[in-house]
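Open the model in your viewer and keep the selection panel at hand.

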Amino acid sequence: MTYHIAIDVSSVLRRTVCELYSNLVTRPTGATVRRAIEEALVGLPEPNVTVIDFSHVTLLDFSCADEIVGKLLDAQQRADGRPRTYFLIRGLHEPYLEAIEAVLERYDLAALVQDPSGNVHLVGTLDDGARRAWHVVRQRGSVQVQEIEDELGEPLVPWEEVVSQLSSRRLVVRRDDGRVALPQAS
């Protein structure tokens, strides 16, 4: 069972920095919000999908995106598999998405982003093979690794390693039955 948790970044900002506005600007503001999110993550049941929701944020600059998304995801991925938290970012307007993509590139990270229609996209840095394997998982819902090889038709690619890379970067979940799924669908 995967638990689902939503964190409204605007509410965190108002609670930790200022109730008067919902602009995420300056590095200290972003660091304060990130620490509050990290505190909220402590003790959550695992595995979980944590939705970082920017829907009510009126302005997001690069420094805040770096502090909140870059440092948060980087620390989680460096945690060597624990805690088992998967992130889904939602509510990104086009300029925010550009800032997030630049941050992900800076940290050599990839993340799952949900658009307003509910579709999930992969953004950030990832090699072509991993990106194609992830799209097979997204299209089918859940797959065995062999199904990825069958779909992509490249038996020389070590798909098991590719899926392990996606799993360690928390872009897919390996279920107990051996199937691979997107975190929010597991």
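How much space lies in the largest cavity? About 80 Å³. This is a predicted model, in which local features need pLDDT of at least 70 and side-chain atom pairs pLDDT 80 or more, while totals for chains, interfaces and linings use all residues. Residues are numbered from 1 along each chain as its sequence is written, and side-chain values use heavy atoms, without hydrogens and water.

A cavity is a set of points on a 1 Å grid over the protein atoms alone where a 1.4 Å probe fits but cannot get out; lining residues have an atom within 4 Å of a point. Points are joined across faces, edges and corners, and the volume is the space filled by probe spheres set on them. The structure holds one cavity of 30 Å³ or more.

Select Leu73, Gln77, Phe87, Arg169 and Arg170: of the 13 lining residues, these are the closest to the cavity centre. Next colour helix H3 (62–77), strand S5 (85–90) and strand S6 (110–114), which each give two or more residues to the lining. Elements are DSSP runs numbered from the N terminus: helices H or I, at least four residues; strands E, at least two. S5 gives the most, four residues.

Now select Leu24, Ile37, Phe54 and Leu60, which touch the most other members of the 33-residue largest nonpolar core. Such a core joins buried (under 20% relative accessible area, 1.4 Å probe, protein chains only) Ala, Val, Leu, Ile, Met, Phe, Trp, Tyr and Cys residues through side-chain atoms within 4.5 Å. Helix H4 (94–107) supplies the largest share, seven residues.

Note on methods. 1 Å grid on protein atoms, 1.4 Å probe; cavity = no way out; pocket = protein on both sides within 12 Å on 5 of 7 lines; lining within 4 Å. Buried < 20%, exposed > 50% of the residue type's maximum accessible area, 1.4 Å probe, protein only.
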